[in-house]
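Q: Please show me how the features of a structure are read, taking the general idea before the particular case.

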Amino acid sequence: MANVSNKSTVVSSVLTTTSGFHTTSLTQLSIFNAPASSCTLKQVYTLPPLLFVDPYELHHYEDSYSFEVSGTSNLEAPVFAMDKKDTILLLNILLSDLRPEHVLLLVTLPLHMRYGYPTLETEMTEGFVNVTLSPPVTFWSCSHSSPVPLPENLRGAFAAFPAFRSSAALFVVPPAEGGILTPHTIRIPVGHLEDARVVEFSTVATILLAFVYLIRIAVRSARSPLEGGRVKEE
Amino acid sequence: MDQNRILRAFPSFRTVLVLSTGLRIALILYSEWHDARSVVKYTDVDYRVFSDATRFVLYPGPGNHAQGPLAKWINVGDPYMRETYRYTPLLALLLAPNEWVHPSFGKYLFAGCDILAGILIHKLLVSVILPRAVPPLRARADHASSVTSRQISTPAALQDSDAPEKRKITQPDPMAEETGQRATVLAALHLLSPFVFSISTRGSSESVLTLFVLLTLFCALRGRWTAAAVLLGLSTHWKIYPVIYGLSCVGVIGSEQQRHREKPPQQDRLAATRRYLKIFVNADTIRFAGISAGTFFALGAVVYAVWGYPFLYETYLYHLHRLDHRHNFSPYFYLIYLTYPGVGTPGAHLPLWRTLIRSSLASFLPQMGLALGAGVFFARRREDLIFAWFVQTAAFVIFNKVCTSQYFLWYLLFMPLLIPQLAISWRRALVYVGCWMGTQALWLSQAYRLEFLGEAVFYRLWICGLVYVAGHSWVLGGIMKGYDRTSRTST
């Protein structure tokens, strides 16, 4: 990592919940002046296939950041209908020119989970799958005339976003002392494949029974009391 | 009587309209305030989808241009650039003022459609339904004896309105006032229903389609079949399911025609079958079907000419093979999830019965059998159209492979018009309402645990889906049994 004189740190990165199909990543940043006037503040998230962002939802946060997504952003498909690659999300955090010398920023990112592979009875998962989300990497991107070693934890972003290949020096914002920056494990419920037979049979049986019930009533109800002068029986 | 006291105390229709309008405006203003301050939005996700699609249409650019054959002469964008936009481009165009005037314009439009629908409901009740209806919510046994003494001039209200010598229903003033108040109470079921106003003020576009459907019904009940055919074509363009009403319209047109002809004295089975089939296939029904289909295809052709294949695929073809694996009211969700392509039943080759069960026919046949069959069974007279359309729509929704709360609006729309034609006791009605709501509440409780608490309740949620189908089918069956056809009279 290149030397930079900057006291900015990542204070914490937490998830509002680690179960269910929706969560929000909250990253608190302690931001001092940028290393140089050409620097912009960015964040990179590496999202495993089970997690996704809704780009249209992220537009609600346009006062806080703009974003780029590399990878599939299908909003509806389950994980087994997607390719197995991670999605890389790059946030360009907006810093006001008029901000004070030091500011605490909160970067909010809503996340959603896809349906996972249903489990088999032989798998001791109790109907859940765990997915690990690494905390985002926050960094300054500054224009630089000479090559600067690329931080290892930004190599994925560098490959995903060719714009980085212009001469930019990337300076990772370190965690604060005692800061909470550990990977999170999100527990997502999944179905059971061994339910398939019962579900198939019972679903269709219920549908057919309901169908027959309603057809019988329809046939009875459709008999007009006026046809043939017969009065309808109660 | 208590009922009359309640009717007299109920606000006037004008007051109900003002209240409904004010409520909707307040909620839309609240939605703007709330959404600016809360992560959990009041506005429906769908409204964002429509608004984004509108933006794509109005601001074409590199990578965003309509893809139809005429697109090179028309500089418009492609609404289908917006992922999950699966509606006609006309909806995106309708919301153009979202960009020019105010982002909430669409919500005001949808709320306005609600209000117009309420006015139409009131008008139908006053002019057509209530003058001939049985007293609401009375048991059949109580009612039967009073029917013969109330041979009201039913058909006068349903005469072809093109006939200038309108035979008005003459009622003494107190009766007219009571009819008006009854209509107000029933219309208020729509206008002041939290279900209805929350859907439109959250930005769901269902109220546009329900207005089209009501207009179609309005014209059909008045015998304006050409207008009804055009509106049916428009409704079907908007969303495909109203096509099921076509069969009932055709049945009514054919039956009315046949009633004017003298029935031959004796008929063998073949002749009787031919006579029955002629109900559905004759010059008038072909004309109706032609106008309706022509409207549908003309609209489709114009839209296709501009927006091309993406319009066809997203608006119609997508629904042919959509796989809704995520949880929704329909119990099919779990079956789709467990049998989704890419999720194998390990090892075994499936037996034929399981292959049949997994095929689309297992759901499609019962659904369309009931949805279309109800149109054939019930729609023999114009006054039966409300009941027929209600049953057709409810059956379509209950047996659909995907079902969200908004779908219920498609048949709830008819309830204020249907209630006067039902001979069901108050107690039984409350049981039906309780069952209808209770099965949904049960499902929602499990869905919340799955989606937001992350509990492994797929199986339980699926069971709730079965309970939903059974419960709603039972309620529908009860309403079908309670439909009082004995008040029909012929001239």
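A: A salt bridge is a side-chain nitrogen of Lys or Arg within 4 Å of a carboxyl oxygen of Asp or Glu. By that criterion, the whole structure holds 14 salt bridges over all chains. This is a predicted model in which local features need pLDDT of at least 70 and side-chain atom pairs count only at pLDDT 80 or more, while totals for chains, interfaces and linings use all residues. Residues are numbered from 1 along each chain as its sequence is written, chains are lettered from A and ligands numbered from 1 in the order in which they are written, and side-chain values use heavy atoms, with hydrogens and water left out.

Q: How many residues of chain A are in contact with chain B?

A: Contact means heavy atoms within 4.5 Å. Here 61 residues of chain A are in contact with 63 residues of chain B. Buried area is the accessible area (1.4 Å probe) that two parts lose on being put together, summed over both. Between chain A and chain B about 5,500 Å² is buried, and carbon and sulfur atoms give 66% of that area. A:Y56, A:Y115 and A:E200 supply 14% of the area that chain A buries against chain B, more than any other three residues.

Q: What salt bridge does A:E200 form?

A: A:E200 pairs with B:R358, with the closest N and O atoms 2.4 Å apart. Three salt bridges are counted between chain A and chain B. On the side of chain A that touches chain B, α1 (55–58) and α3 (196–222) of chain A are the elements that give two or more residues. Of these, α3(A) gives the most, with 22 residues.

Q: How is a pocket read, and what lines the second largest pocket?

A: Rolling a probe the size of a water molecule over the atoms shows where empty space is left. On a 1 Å grid over the protein atoms alone, with a 1.4 Å probe, a pocket is an open set of points with protein on both sides within 12 Å along at least five of seven lines; lining residues have an atom within 4 Å of a point. The second largest pocket is lined by 39 residues, of which B:L189, B:M415, B:P416, B:I419 and B:V433 lie nearest its centre. α23(B) gives the most to this lining, with seven residues.

How values were computed:
Helix = DSSP H or I, 4+ residues; strand = E, 2+ residues; numbered from the N terminus.
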